Amino acid sequence: LFYNIGMRIIAGSARGRKLLSVPKDSVVRPISGRIKQSLFDIIRPRLPGSRFLDLFAGTGAVGMEALSRLAEAVVFVERDKLCVSVIEKNLARAGWTGKARVLRASALGPLSWIPFRSGTSRFDLIFMGPPYKDGDKKPLFYCRSVLESVVSSGILAEDGWVIAQHHQNEDPAAPAGLKRFRVERYGDSRLSFYHKPPPPAA
């Protein structure tokens with residue numbers, strides 16, 4: 001198999017480490033350095049000791065950054081065989097195999113299987129970066145359904161956050177059980193931030 005050298009880890013214990021990535025002609029669309037930098041600037045205070053779930057993990061760049069910044073455990077969910085291989089190789093090269101689980105599976109549909117396969121029942125931070133378009137360039141609007149699955153599966157910790165990366169033409173309103181509290185804009189991409197709303201006052 002042929003691997004490219006992808007982006008570097010921005011900060012933390014593995015700052016500057018080069019990550020393996022998939023060939024540039026792959027259908028995988030890695031997160032841009034600008035968006036990753038902004039994402040981690042925002043969630044930085046919540047990372048140390050956190051349980052982090054990277055859905056639609058791709059080459060794992062987001063979860064790797066979380067590990068470098070002292071996340072306690074990271075679970076990667078990715079269905080592409082080559083991407084799973086890249087994630088596993090990067091974990092081994094960084095010495096993080098014991099702090100991570102790589103699950104080859106689809107992140108679409110129910111997510112209640114994740115605690116059983118990962119050994120982690122609740123996550124403090126959940127990042128999702130589903131594909132924007134299919135092979136025919138038709139838009140894919142996956143975020144709302146995945147947010148609903150996060151809620152129904154009960155995998156988000158009480159004070160946890162969900163962050164969705166999506167196209168500007170997709171506006172994933174928060175399902176019951178979540179509240180969107182922040183949106184960041186980067187060209188045609190967006191990051192939407194969600195958390196559980198506080199219970200109503202007595």
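Predicted model: local features only at pLDDT ≥ 70, side-chain atom pairs only at ≥ 80, totals over all residues.
Guide: Residues are numbered from 1 along each chain as its sequence is written, and side-chain values use heavy atoms, with hydrogens and water left out.

Visitor: What makes the strands a sheet, and in which order do they stand?

Guide: Strands (E, at least two residues) and helices (H or I, at least four) are DSSP runs, numbered from the N terminus. Two strands pair if DSSP finds at least two bridges between them. Seven strands form an open sheet in the order β5-β4-β3-β6-β7-β9-β8, with mixed pairing. Neighbouring strands are turned by 15° against each other on average, direction ignored.

Visitor: Why are β5 and β8 said to stand at the edges?

Guide: β5 (100-104) and β8 (179-186) each have a single partner strand, so one side of each is left without a neighbour in the sheet.

Visitor: How do you know that β3 and β6 pair?

Guide: The rule asks for at least two bridges, and four bridges join β3 (residues 51-55) to β6 (residues 123-128). The two are therefore counted as paired under that rule, and they run parallel. Within them, Phe 52 stands opposite Leu 125 in β6.

Visitor: Which strands does helix α5 touch?

Guide: Contact means heavy atoms within 4.5 Å. Helix α5 (residues 143-153) packs on the sheet and touches β3, β6, β7 (156-167) and β9 (189-195). The direction of α5 makes about 170° with that of β7. For such angles, axes are lines fitted to C-alpha atoms, for helices over the stretch in contact, and values run from 0 to 180 degrees between N-to-C directions.

Visitor: Why is Ser 50 called buried?

Guide: Buried means under 20% relative accessible area, exposed over 50%, and partly exposed in between (1.4 Å probe, protein chains only). Ser 50 has a value of 2%, and is therefore buried. Ser 50 is placed in the loop between α1 (33-43) and β3. Leaving aside neighbours within four places in sequence, the contacts of Ser 50 include Leu 70, Asp 124 and Leu 125.

Visitor: What makes Asp 124 and Arg 51 a salt bridge?

Guide: A salt bridge is a side-chain nitrogen of Lys or Arg within 4 Å of a carboxyl oxygen of Asp or Glu. The closest N and O atoms of Asp 124 and Arg 51 are 2.9 Å apart, and the pair forms a salt bridge. Asp 124 lies in β6 and Arg 51 in β3, so the pair ties together parts that are 73 residues apart in sequence. Asp 124, at 16% relative accessibility, counts as buried, whereas Arg 51, at 29%, is partly exposed.

Visitor: Why does Glu 158 count as exposed?

Guide: Glu 158 has 65% relative accessibility, so this residue counts as exposed. Glu 158 forms a salt bridge with Lys 196, the closest N and O atoms being 3.2 Å apart. Lys 196, at 25%, counts as partly exposed. By the salt-bridge rule the count comes to seven.

Visitor: What is meant by the largest nonpolar core, and which residues touch the most other members?

Guide: A nonpolar core is a set of buried Ala, Val, Leu, Ile, Met, Phe, Trp, Tyr and Cys residues joined through side-chain atoms within 4.5 Å. The largest has 32 residues, of which Leu 39, Ile 43, Phe 52, Phe 76 and Ile 163 touch the most other members. Apart from it lies another core, of 22 residues, among them Leu 53 and Tyr 194.

Visitor: Why is the pair of Trp 161 and Phe 193 called edge-to-face?

Guide: Rings of Phe, Tyr and Trp (its six-membered ring) pair if their centres lie within 6.5 Å; planes under 30 degrees apart count as stacked, over 60 as edge-to-face and the rest as tilted. Trp 161 and Phe 193 are 6.2 Å apart centre to centre, with 85° between the planes, and the pair is edge-to-face. Trp 161 lies in β7 and Phe 193 in β9, so the pair ties together parts 32 residues apart in sequence. Both residues are buried. Ring pairs link Trp 161, Phe 181 and Phe 193 into a cluster.
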